[in-house]
Amino acid sequence: MLQPVLDVRDLATYFFTERGVVRAVDGVSFRLYPGETLGVVGESGCGKSMTALSIMGLVPRPGRIVAGEIRLMGEDLVGKPDRELRRLRGSRMAMIFQDPLTTLNPVLRVGQQVTESIRIHYGDGTWSGGSRRWSWLADPLGLRRRRIAWERAVEMLDKVGIPAPSERMRAYPHEMSGGMRQRIMIAIALSCSPALLLADEPTTALDVTIQAQILDLMRRLQEEMGTSILLITHDFGVVSELCDRVMVMYAGKVVETGPLDAILNTPRHPYTQGLLASIPRLGDRSYRLKPIEGTVPELHALPPGCSYCTRCPVADEYCAAVAPQLKEISPHHHVACHKVAAAPAMAGEGVPS
Amino acid sequence: MRWTPMAAAGAPPEPLVQVRGLKQYFPLGSTWVDRLLGRGSRWVHAVDGVDLDIHHRETLGLVGESGCGKSTLARTILRLYEPTAGSIKFAGRELTTLSQMEMRQMRREMQMIFQDPFASLNPRRTVEQIVGLPLLIQGVPRADIRRRVAELLEKVGLSPSHIDRYPHQFSGGQRQRIGIARALAVNPRFVVADEPVSALDVSIQAQILRLLQDLQAEMGLAYLFISHDLAVISYVSDRIAVMYLGRIVELAPAETLFAEPLHPYTRALISAVPRVGSRGQVRERILLSGSPPTPIDPPKGCRFYSRCFLKEKNETCRLVAPDLKEVTPGHRVACHAVAGTL
């Protein structure tokens with residue numbers, strides 16, 4: 001059995017606010033295998049970003065992880081002291097964010113920012129490129145470390161398709177376009193060859209043609225480096241370009257998860273079906289959109305049962321009272337819905353073992 | 001059945017909005033270094049010679065990447081900016097020469113919906129004040145305003161009982177509905193919708209698109225619908241104009257544009273859209289290199305020259321800007337290679 005890179009079990013991240021406890025992530029479990037891309041889809045406030053921040057150990061106050069396990073290559077991250085997490089961030093797991101303009105430091109040159117994590121992880125045993133333990137006796141001024149970090153950074157910039165990489169190392173972020181900045185972010189994230197890359201809406205702030213370039217780059221680098229990617233997005237188009245499996249979240253819970261084709265072609269949860277029916281299809285005007293009625297409920301006042309019952313077209317009193325559990329309806333395809341579990345599997349689908 | 005405003009109305013020959021040769025330049029402040037070197041002040045060519053017709057009850061989609069000038073074009077058409085050159089006719093009346101007072105009268109006919117439902121509503125005003133303001137300006141008696149606002153709220157799918165609430169008490173989608181109610185308060189004929197759904201979640205986006213369609217059918221509106229999202233544009237538009245660096249490069253009926261895009265930029269744009277269920281599917285995929293050049297003193301010839309991937313491109317493209325030429329009825333393209341003017 002292949003060992004998962006990331007194994008999250010019953011993760012719960014709550015925010016303790018004045019208005020009550022907000023269950024941002026509420027019992028999320030999933031696994032991510034080597035070289036795989038898992039898409040996390042949902043609307044704003046569904047907990048997809050908070051899941052990623054929980055993995056990185058970067059949940060902002062007043063939030064904290066209240067329960068669950070996050071195993072990165074077998075090592076549980078929950079409750080680890082910050083010092084140890086820092087050793088893993090950048091080297092074993094890295095994150096890229098939506099807006100490359102605000103995530104890069106405007107007053108530092110690009111080179112300094114790209115080399116930072118290599119300099120930090122050089123010789124601490126987490127980065128294979130610096131596997132020989134660094135000691136100040138062999139390299140008293142740290143010059144060797146600096147040189148290797150610089151060379152690796154130039155190599156990374158070249159890899160992410162930045163022209164004239166050694167010159168661009170001296171540039172400031174504002175001298176670059178949005179697409180270039182996102183390439184820099186990717187170079188920083190992948191500089192220490194992490195096993196896990198968390199990408200939070202990496203192309204949302206970019207134009208379509210630039211987005212296509214970045215998606216292409218991510219696909220290429222993943223093939224080359226074998227990184228596992230957790231891709232957070234609201235865009236089913238991006239998901240279908242990049243992901244092997246998809247996890248749909250609503251109000252802090254996973255409502256449906258399965259292989260890409262199953263989610264896109266035979267979605268079973270009413271929310272997934274609603275989301276897919278809300279997306280305009282390119283160049284096709286022969287239909288009318290079917291929006292999901294209403295809005296996402298307030299997270300501090302969720303109904304006791306299924307959180308989607310307030311907007312669901314098929315919900316009844318039972319749904320409102322009892323929260324549904326994820327059930328496997330066909331191989332690897334899990335749905336959390338009372339109505340679906342009751343229905344027989346569709347013809348042609350495998351029988352769950 | 002798809003709703004077709006053009007078919008329902010039998011569009012009259014005279015377009016509602018007629019834009020000719022419209023230019024909007026913004027000066028960049030010249031520094032002492034520029035003066036020392038004898039350089040004149042530099043200009044951002046945000047909109048650089050645009051011809052456009054918008055018909056009654058029609059939705060014209062305007063698509064392009066950020067910085068291509070689509071918002072500037074829309075605002076210049078409403079004369080929120082003073083155009084550098086060109087003419088704008090609304091229902092046959094030239095707008096560029098109107099005085100501010102006359103323009104204010106004209107704005108009763110032309111309104112705008114903005115992208116950001118958080119920034120475009122005054123947080124210190126109630127819904128009644130926000131939606132009622134255009135009515136107040138147009139001289140509707142105060143006594144009637146409250147009743148009118150309540151009607152408008154109902155029309156855009158909000159409860160009239162929310163009339164005394166403040167913007168922060170609403171969700172993003174509801175705020176966008178308030179913005180729409182405000183635009184429709186004065187019964188306009190022409191509405192500019194500048195990225196009206198970009199800030200919204202997918203499910204809410206669909207609600208607002210449906211609402212805009214229903215209102216168009218009901219009130220006979222013409223929309224200039226701006227978006228960077230090709231799927232949204234293709235869904236709402238009757239005709240689509242593709243903009244690149246201040247110019248319109250292609251203009252065609254929606255179906256035609258997606259079935260046979262002619263301009264290399266349009267082809268690249270359409271092929272770049274990530275499509276649901278497209279993984280592993282073979283399709284033409286054009287990856288453009290680089291990003292658009294800066295609109296500060298842009299290239300002389302074809303604006304797309306630096307990123308163009310056509311084998312036919314040559315010196316003519318680099319030096320002579322192509323005109324928007326009609327290649328088949330209703331389908332206009334600004335490309336030497338396509339129009340055969342190389």
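In this report, Ala, Val, Leu, Ile, Met, Phe, Trp, Tyr, Cys and Pro count as nonpolar, Asp, Glu, Lys and Arg as charged, and the others, Gly among them, as polar. The structure is a predicted model, in which local features need pLDDT of at least 70, side-chain atom pairs count only at pLDDT 80 or more, and totals for chains, interfaces and linings use all residues. Residues are numbered from 1 along each chain as its sequence is written, chains are lettered from A and ligands numbered from 1 in the order in which they are written, and side-chain values use heavy atoms, with hydrogens and water left out.

**Pocket and cavities**

The spaces are found on a 1 Å grid over the protein atoms alone: a cavity is a set of points where a 1.4 Å probe fits but cannot get out, a pocket is an open set with protein on both sides within 12 Å along at least five of seven lines, and lining residues have an atom within 4 Å of a point. Grid points are joined across faces, edges and corners, and a volume is the space filled by probe spheres set on the points.

The second largest pocket has a volume of about 760 Å³. Its lining consists of 26 residues, and those nearest the centre are Gln111(B), Leu133(B), Pro134(B), Ile137(B) and Arg182(B). By class, the lining of this pocket comprises 14 nonpolar, six polar and six charged residues. Helices (H or I, at least four residues) and strands (E, at least two) are DSSP runs, numbered from the N terminus. At least two lining residues come from each of α4 (100–106), β6 (110–113), α5 (127–137), α6 (142–155) and α7 (172–184) of chain B. The greatest contribution is that of α5(B), with eight residues.

The structure also holds six cavities of 30 Å³ or more. The table sets out two of them.

| Cavity | Volume | Lining by class |
|---|---|---|
| Largest cavity | about 90 Å³ | eleven nonpolar, two polar and two charged residues |
| Second largest cavity | about 80 Å³ | six nonpolar, one polar and two charged residues |

The largest cavity is lined by 15 residues, of which Cys302(B), Cys308(B), Leu310(B), Cys317(B) and Cys335(B) are the closest to its centre. Among the residues that line the second largest cavity are Tyr244(B), His263(B), Cys302(B) and Phe304(B).

**Helices of chain A**

Axes are lines fitted to C-alpha atoms, for helices over the stretch in contact, and angles run from 0 to 180 degrees between N-to-C directions. In chain A, the axes of helix α4 (residues 110–121) and helix α5 (residues 143–159) come within 9 Å and cross at roughly 115°. Contact here means heavy atoms within 4.5 Å. On the side of α4(A), the residues that meet α5(A) include Val110(A), Val114(A) and Ile118(A), while those of α5(A) include Ala149(A), Trp150(A) and Leu157(A). The residues of this contact of α4(A) with α5(A) divide into seven nonpolar, two polar and three charged.

A residue is called buried under 20% relative accessible area, exposed over 50%, and partly exposed in between (1.4 Å probe, protein chains only). His121(A) belongs to helix α4 of chain A and is buried, with a relative accessible area of 2%. Although His121(A) and Cys192(A) are 71 residues apart in sequence, their C-alpha atoms are 7.6 Å apart in space.

Helix α11 (residues 270–278) of chain A is mostly covered, with seven of its nine residues buried. Those buried residues of α11(A) pack against α9 (236–242), β9 (245–250), β10 (253–259) and α10 (260–265) of chain A, together with α8 (202–219) of chain B.

Helix α3 (residues 70–77) of chain B has six buried residues out of eight, so it is largely enclosed by the rest of the structure. The buried residues are Lys70(B), Thr72(B), Leu73(B), Ala74(B), Thr76(B) and Ile77(B). Just after α3(B), Arg79(B) takes a positive phi of about 60°.

Leu342(B) lies in the segment after α13 (336–339) of chain B and is partly exposed, at a relative accessible area of 42%. Leu342(B) and Lys70(B) are 28 Å apart in space, C-alpha to C-alpha, and 272 residues apart in sequence.

**Backbone features**

Arg61(A) and Pro62(A) are joined by a cis peptide bond, with omega about 0°. Pro62(A) is found in the loop between α1 (48–56) and β4 (63–72) of chain A. Ser193(A), although not a glycine, has a positive phi of about 45°; this residue is partly exposed, at 35% relative accessibility. Ala91(B), also not a glycine, has a positive phi of about 50° and lies in the loop between β4 (85–90) and β5 (93–94) of chain B.
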